[in-house]
Amino acid sequence: MYSKLQYISQGDTIEKQLYNIHNALDNGCTWVQMRFKNQSQKDAFTLAEAVKPLCEKYAANFIVNDNLNLTKQIDADGVHLGLTDTKIDEARVFLGTSKVIGGTANTFEDIQNHVKNGCDYIGLGPFRFTATKEKLSPILGLSGYFEILQKLKKNKIDIPVYAIGGITLRDINPLMETGIHGIAVSGIITESDEKEKLIQQLNEKLYANIIV
Ligand SMILES: Cc1ncc(COP(=O)(O)OP(=O)(O)O)c(N)n1
Ligand SMILES: Cc1ncsc1CCOP(=O)(O)O
Ligand SMILES: [Mg+2]
């Protein structure tokens with residue numbers, strides 16, 4: 001089963017991205033989504049080529065944001081696709097069944113479609129406003145998660161759902177109570193001066209009440 005914490009990278013240069021990803025891994029993250037927006041193919045490739053062995057060293061899952069070709073080219077573990085990116089069913093045909101495909105959702109219907117099309121996990125959001133991403137979909141808030149997760153349960157749709165968008169430590173307990181599987185975060189980890197402590201606290205809350 002996938003880790004309950006996914007780190008989404010930040011940085012407008014290869015160096016900043018690598019610094020942030022290395023730090024997240026070094027402080028306990030086991031799942032990285034490389035999100036390097038508006039870059040040349042060459043730079044995205046250079047970064048991905050460096051991130052791949054780094055993630056291997058830390059035994060972390062490595063997925064690429066948006067870029068299907070790059071995912072295949074560097075043999076990453078998978079890709080995350082948004083509602084306006086390549087369609088999930090096309091991506092599945094292109095990547096095959098061994099790769100993880102995550103899909104963004106803002107509604108119950110988005111999730112239904114993603115499941116039908118062979119998606120492996122859902123990034124459901126935004127939970128609240130965040131400056132990390134432009135052009136946000138409508139904000140869901142806790143009540144939005146509650147309603148959508150209830151509908152999933154009622155319709156017997158079983159797929160790991162990750163909450164995303166402006167999430168902080170104190171949001172985890174109420175969010176987990178709605179039935180989500182985990183969270184995808186960028187800002188809180190990137191900006192933290194105490195990453196090890198923060199990641200430990202995030203994981204403690206995410207894995208509370210789970211008997212291993
Ligand atoms: C885990 C996760 N969930 C949602 C998103 C957002 O994807 P998208 O809507 O395609 O936006 P960009 O990240 O591409 O700007 C995500 N990246 N990860
Ligand atoms: C990529 C993305 N999609 C919806 S919100 C978001 C950004 C999440 O980052 P943060 O945790 O900094 O709000
Ligand atoms: Mg996208």
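Mentor: Ligand 2 sits in the largest pocket. Please keep in mind throughout that this is a predicted model.

Trainee: Which residues surround ligand 2?
Mentor: A residue is counted as near a molecule if one of its heavy atoms lies within 4 Å of it. Here the surroundings of ligand 2 consist of R35, T130, T132, K133, I164, G165, G166, V185, S186 and G187, and by class this shell holds 2 nonpolar, 6 polar and 2 charged residues.

Trainee: How far from an oxygen atom of ligand 2 do the polar side-chain atoms of T130 and T132 lie?
Mentor: For polar contacts, one looks for pairs of N or O atoms within 3.5 Å. A polar side-chain atom of T130 is 2.6 Å from an oxygen atom of ligand 2, and for T132 the corresponding distance to an oxygen atom of the ligand is 2.4 Å. As for burial, ligand 2 taken alone exposes 370 Å², of which the protein buries 90%.

Trainee: Which pocket does ligand 1 take up?
Mentor: The space taken by ligand 1 is the largest pocket. Around ligand 1 there are 15 residues, of which Q33, R35, K37, D85 and T104 come nearest, and the shell is made up of 3 nonpolar, 7 polar and 5 charged residues.

Trainee: What distances separate the side chains of R35, D85 and T104 from oxygen atoms of ligand 1?
Mentor: A polar side-chain atom of R35 lies 2.8 Å from an oxygen atom of ligand 1; for D85, a side-chain N or O atom is 2.9 Å from an oxygen atom of the ligand, and a side-chain N or O atom of T104 is likewise 2.9 Å from an oxygen atom of ligand 1. Taken alone, ligand 1 exposes 420 Å², and the protein buries 91% of that area.

Trainee: Which residues does the UniProt annotation "binding site" cover?
Mentor: According to the unreviewed UniProt entry, the "binding site" annotation covers D66 and D85. Although these residues are spread over 20 residues of sequence, they cluster in space, with a largest C-alpha distance of 6.4 Å. The lining of the largest pocket includes both D66 and D85.

Trainee: Where in the chain does D66 lie?
Mentor: D66 belongs to the loop between β3 (61-65) and α3 (68-73).

Conventions: Residues are numbered from 1 along each chain as its sequence is written. Chains are lettered from A and ligands numbered from 1 in the order in which they are written. This is a predicted model: local features need pLDDT of at least 70, side-chain atom pairs count only at pLDDT 80 or more; totals for chains, interfaces and linings use all residues. Side-chain values use heavy atoms; hydrogens and water are left out. A polar contact is a pair of N or O atoms within 3.5 Å; within protein, one must be able to donate a hydrogen and the other to accept it, and residues adjacent in sequence count only if both atoms are side-chain atoms. Accessible areas come from the Shrake-Rupley method with a 1.4 Å probe; for residues, only the protein chains shown count as cover. On a 1 Å grid over the protein atoms alone, a cavity is a set of points where a 1.4 Å probe fits but cannot get out, and a pocket is an open set with protein on both sides within 12 Å along at least five of seven lines; lining residues have an atom within 4 Å of a point. A molecule sits in a cavity or pocket if more than half of its atoms lie within 2 Å of its grid points. Ala, Val, Leu, Ile, Met, Phe, Trp, Tyr, Cys and Pro count as nonpolar, Asp, Glu, Lys and Arg as charged, and the others, Gly among them, as polar. UniProt positions are given in the numbering used here, feature names are shortened, and annotations may be inferred rather than shown by experiment. Helices (H or I, at least four residues) and strands (E, at least two) are DSSP runs, numbered from the N terminus.
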